[in-house]
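Below are some notes for a colleague who wishes to go through the contacts of this assembly point by point. They are meant to be read with the coordinates open.

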There are 2 protein chains.
Amino acid sequence: MAAMQVFWARGYDAASTRDLLAAMQISRSSLYQAFGNKEQLFLEALGRYRTGLVERLQRRLDEAPTALAFFEALYRDTAREAESERAALGCLIFNSATELGQRGDRPAREASLSVEVITGLFHQAVERGQAEGDIAAHRDARALALYLTLGMAGLRAMLKAGTAATEAEQAAELVLATLR
Amino acid sequence: MAAMQVFWARGYDAASTRDLLAAMQISRSSLYQAFGNKEQLFLEALGRYRTGLVERLQRRLDEAPTALAFFEALYRDTAREAESERAALGCLIFNSATELGQRGDRPAREASLSVEVITGLFHQAVERGQAEGDIAAHRDARALALYLTLGMAGLRAMLKAGTAATEAEQAAELVLATLR
DNA sequence: CCAAATCCGGAACGAACGGTCCAGATATGG
DNA sequence: CCATATCTGGACCGTTCGTTCCGGATTTGG
């Protein structure tokens, strides 16, 4: 969905309906007939983003030799995005969660829920890693999952702030160090 | 400055000049005479925020028994803010850096610079901690400083996403574990 | 005490916002 | 082939945006 890209690049509030129309290549009336309003279009876009991201992460996790290797690849690949256009976009979920904060409306709640979904996936990955013996078993799996979500949110924030690739990679490496 | 609070709570774009006038209790013409425009008012507010924050952090660092104790108190106090109104506000610097991203204009550049200033303060604190022997000396000080800034940005993002206090504290504790 | 300089409330500007609406284009099906 | 149903381009709505501007209030200084 093209609307996703617009919300991703500009944020919920700053994405105007005119931006959305231009990207989706449809007319105003079609948008309102098909989605009701801007809020529902955003919810649809965020839902699709989350579904796609979870699918991709789950596949990478399933295909990874170890859960630790999964986290290492995820963090290193993300850090290496530094200084690219892709890095400036960030992640729609973290972007939305920080923009909408505790606003209390549906978009805000859905963004928070999406962060929790990511943490849930990380939790499952950590448990696998602890069973495999690659991830320190003496630490609480849920706490590690929260820590890894925090790390990703922080890394994405640093990339948005313009941190250089080498520095992002060094910081990411230190996040990973806690797993061992 | 009252304008700071408005930018802090609502973000740069979402803070309307009418919001700002109401908070500052001045008239429209006074604002434009005194600050030129909204962008310059924001730069002023962000500058004051940064100065105040750096002063407070530096004092806490100077008064802390060890640099490690400084980081522990900072992270724990921040995590404990979870579920409060204060946590929903986040930090003006990280808020601005993530909202404005790599937009290239003055506000965006100033936000990125502010993040770097925080990292610089952390760098100095890490070096003191390594000299004192409380912080692992085998790790690069600059990398640790970047990691700690990343951790703070991540923690603030989690608080905005509505993470519970107990979970925020657990995650913060894991960030601190890397220092030892 | 008055003249001069400064300040400020509020009206007004053009532009952009999210959302509505209808005439005309397009597709459907008997 | 035409009647009917569906879709859509774009004008338009009221509101809000950042900014400008000016007449009148307030302060200042001699």
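**Notes on the contacts in the model**

1. Across the interface of chain A and chain B, 8 residue pairs are found in polar contact, with both partners at pLDDT 80 or more. On the side of chain A that touches chain B, the helices α7 (92-100), α8 (106-132), α9 (141-160) and α10 (165-177) of chain A each contribute at least two residues. The most comes from α9(A), which gives 14 residues to that side. Sorted by class, the side of chain A that touches chain B has 17 nonpolar, 11 polar and 5 charged residues. As a caution for what follows, this is a predicted model.

2. As to the extent of this interface, 33 residues from chain A and 33 residues from chain B take part in the contact. The area buried between chain A and chain B comes to about 2900 Å², and carbon and sulfur atoms give 71% of it. Of the area that chain A buries against chain B, A:L150, A:M158 and A:L174 supply 22%, which is more than any other three residues.

3. Salt bridges across the interface of chain A and chain B number 2 by the rule applied. A:E167 forms a salt bridge with B:R142, and the closest N and O atoms of this pair are 2.8 Å apart.

4. Over all chains, the structure holds 32 salt bridges. A:E72, A:R76, A:E173 and A:R180 are linked with one another in a network of such bridges. The side chains of A:D19 and A:R10 also meet in a salt bridge, at 2.9 Å from N to O; A:D19 is partly exposed, with a relative accessible area of 26%, and A:R10 is partly exposed as well, at 47%.

5. B:R50 forms a salt bridge with B:E110, the closest N and O atoms lying 3.6 Å apart.

6. B:R60 is partly exposed, at 34% relative accessible area, and B:D77 counts as partly exposed at 33%.

7. Polar side-chain atoms of chain B lie 3.0 Å from a phosphate oxygen of DNA strand D in the case of B:Y32 and 2.7 Å from a phosphate oxygen in the case of B:K38, whereas a polar side-chain atom of B:R18 lies 3.2 Å from a base nitrogen of DNA strand D. The elements giving two or more residues to the surface near DNA strand D are α3 (28-35) of chain A, together with α2 (17-24) and α3 (28-35) of chain B.

8. By class, the surface near DNA strand D has 3 nonpolar, 7 polar and 4 charged residues. Among the atoms of DNA strand D within 4 Å of the protein, 48% belong to sugar or phosphate, and the rest belong to bases.

Key. Residues are numbered from 1 along each chain as its sequence is written. Chains are lettered from A and ligands numbered from 1 in the order in which they are written. This is a predicted model: local features need pLDDT of at least 70, side-chain atom pairs count only at pLDDT 80 or more; totals for chains, interfaces and linings use all residues. Side-chain values use heavy atoms; hydrogens and water are left out. Contact means heavy atoms within 4.5 Å. Buried area is the accessible area (1.4 Å probe) that two parts lose on being put together, summed over both. A salt bridge is a side-chain nitrogen of Lys or Arg within 4 Å of a carboxyl oxygen of Asp or Glu. A polar contact is a pair of N or O atoms within 3.5 Å; within protein, one must be able to donate a hydrogen and the other to accept it, and residues adjacent in sequence count only if both atoms are side-chain atoms. Helices (H or I, at least four residues) and strands (E, at least two) are DSSP runs, numbered from the N terminus. Ala, Val, Leu, Ile, Met, Phe, Trp, Tyr, Cys and Pro count as nonpolar, Asp, Glu, Lys and Arg as charged, and the others, Gly among them, as polar. Buried means under 20% relative accessible area, exposed over 50%, partly exposed in between (1.4 Å probe, protein chains only). A residue is near a molecule or strand if one of its heavy atoms lies within 4 Å of it.
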